[in-house]
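Welcome! Please take a moment with the sequence and the model shown here, and then let us walk through them together.

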Amino acid sequence: TGQTLVIRDKGELTVSPSDGSGDEEFTAHFSVDTRTKVLTVQTESSGGILSGTYNYNVEQDTLTLTEREYGNQMVFVRK
């Protein structure tokens with residue numbers, strides 16, 4: 001599905017649909033461990049699809065998040 005991820009200073013990110021799917025935008029808090037390349041996302045509600053812990057990889061303009069428990073991946077391309 002098309003989603004837009006906006007990462008802000010002070011540990012806040014926003015995910016919003018970019019494909020008109022009707023999914024709601026949500027904001028979450030995150031922390032990053034650059035030594036182990038782990039991104040942890042915490043949402044207030046259970047509806048936050050990104051809530052969890054991810055290994056991350058950045059190559060050029062592409063961010064890949066790999067869910068640590070199940071291995072599901074999400075790919076975001078910088079625009």
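This is a predicted model: local features need pLDDT of at least 70, side-chain atom pairs count only at pLDDT 80 or more; totals for chains, interfaces and linings use all residues.

How confident is the predictor in the protein chain? The average pLDDT is 86, and 86% of the residues score at least 70. Among the elements, strand E5 (residues 52-59) has the highest confidence, at 95, while E2 has the lowest, at a mean of 86.

Now look at the overall build. The chain has 79 residues, and 29% of them count as buried. Its accessible surface comes to about 5700 Å², and carbon and sulfur atoms account for 43% of that surface. If you take the contacts with a separation of 6 or more, 11% of them join residues 24 or more positions apart.

Let us zoom in on one residue, Ser16, which you will find in strand E2 (residues 12-17). Is Ser16 buried or exposed? Ser16 counts as buried because its relative accessibility is 16%, and the cut-off for buried is under 20%. Beyond its neighbours within four places in sequence, Ser16 is in contact with Gln3, Thr4 and Glu25.

Two lysines in loops are worth a visit next. Lys10 sits in the loop between E1 and E2. Its phi is near 65 degrees, a positive value in a residue other than glycine. Lys10 is exposed, because its relative accessible area is 84%. Further along, Lys37 belongs to the loop between strand E3 (26-33) and strand E4 (38-42). Lys37 is not a glycine either, yet has a positive phi of about 55 degrees. With a relative accessible area of 34%, Lys37 is partly exposed.

Our last stop is the largest pocket, which has a volume of about 360 Å³. Which elements give two or more residues to its lining? They are strand E1 (3-8), strand E6 (62-67) and strand E7 (73-77). E1 gives the most, with five residues. In total, 15 residues line the largest pocket, and those nearest its centre are Leu5, Asp61, Phe76, Val77 and Arg78. Sorted by class, the lining has eight nonpolar, four polar and three charged residues.

How values were computed:
Residues are numbered from 1 along each chain as its sequence is written. Side-chain values use heavy atoms; hydrogens and water are left out. Buried means under 20% relative accessible area, exposed over 50%, partly exposed in between (1.4 Å probe, protein chains only). Contact means heavy atoms within 4.5 Å. Accessible areas come from the Shrake-Rupley method with a 1.4 Å probe; for residues, only the protein chains shown count as cover. Helices (H or I, at least four residues) and strands (E, at least two) are DSSP runs, numbered from the N terminus. pLDDT is the predictor's confidence in each residue, from 0 to 100. On a 1 Å grid over the protein atoms alone, a cavity is a set of points where a 1.4 Å probe fits but cannot get out, and a pocket is an open set with protein on both sides within 12 Å along at least five of seven lines; lining residues have an atom within 4 Å of a point. Grid points are joined across faces, edges and corners, and a volume is the space filled by probe spheres set on the points. Ala, Val, Leu, Ile, Met, Phe, Trp, Tyr, Cys and Pro count as nonpolar, Asp, Glu, Lys and Arg as charged, and the others, Gly among them, as polar.
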